[in-house]
Amino acid sequence: MDRKIKIGSLINARDLHGLKNKNGYTIKKDKLYRSDALCRISLSDLERLEKEKNLKTIIDFRGKDELNGNALDPINDDIKHYYLPVNEGIRNRGTRPHKDHCNNKDLDGMINFFYYLDEKGDVTYATEKMYKEFVTTPIALTNFSKFLDLVLNNDGLLIYHCSDGKDRTGIATMLILSILDYDLDTIFYDYLLTNENVKEKAIKRRKMLIDGGINNEILLHSSDIMAGVLKNWLEAGIKEIELRYNSINNFITNELHFDKNKQELLKEKYLIKE
């Protein structure tokens, strides 16, 4: 089943419908979409989603520093838009001294971020640090808790996203699917689908880096994999949860304050046998 949502210039949007949980249930169609940033689509596209798919709620996990010039304008009073930053200041964390600079401002910022994560700019394992922050920092815990309550109280289509729809959105999806009785194999299957969606983006970005004067293969490789995801990144977040709370369920129940009653209501609301 092709779950990809083809609208505007989105490249990593998909419906959670179609995945089977441990009991053979699936999430109802056109109820939960995970996506890359909606600022990449037009107002008319969003209005069409409202008219054809009953779009009611948009949740954005990006920090304020990512919204400059990239925020989504309000559509109308019928569509609720929530900003729930999971990590503030991701683009302003500084970096280690380095000599690799690109003449493209945005890509140069990405390189700085690579060096922030790792002294050689290799994000293969260094990105695990970021995923651990997604499940431990106060701002992440507060806003993922709010996110789950919004999902529970939503009555139409809900779209949640970050910038590329893969890291913060990946953690959010892991939480939803865990509550809805999906096993880890299915959770990782959905998580890694991002890599299929971003192949063209990775190729184009590598070329732009080379054209911009970057020939450091470590950085080029980091760019390739950062366009998508690696399994060990989400594994790191889950292991951190298990280390601190023994299980994902304990984390959701006790730290995110989404209790057993809420979890059962979420299942009743979204699951269907097909």
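Colleague: In which helix do arginine 48 and glutamate 52, whose side chains meet in a salt bridge, both lie?
Modeller: In this predicted model, local features need pLDDT of at least 70 and side-chain atom pairs count only at pLDDT 80 or more, while totals for chains, interfaces and linings use all residues. Residues are numbered from 1 along each chain as its sequence is written, and side-chain values use heavy atoms, with hydrogens and water left out. The side chains of arginine 48 and glutamate 52 meet at 3.7 Å, N to O, in a salt bridge (a side-chain nitrogen of Lys or Arg within 4 Å of a carboxyl oxygen of Asp or Glu). The two residues are four apart, about one turn of the helix, and both lie in helix H1.

Colleague: Which residue forms a salt bridge with glutamate 66?
Modeller: The closest N and O atoms of this pair are 2.7 Å apart, and both residues are buried. The partner of glutamate 66 is arginine 168.

Colleague: How many salt bridges does a search of the whole structure find?
Modeller: Beyond the pairs above, Arg3, Arg14, Arg34 and Asp190 are linked in a network of salt bridges. For the whole structure, the number of salt bridges found is 22.

Notes: Buried means under 20% relative accessible area, exposed over 50%, partly exposed in between (1.4 Å probe, protein chains only).
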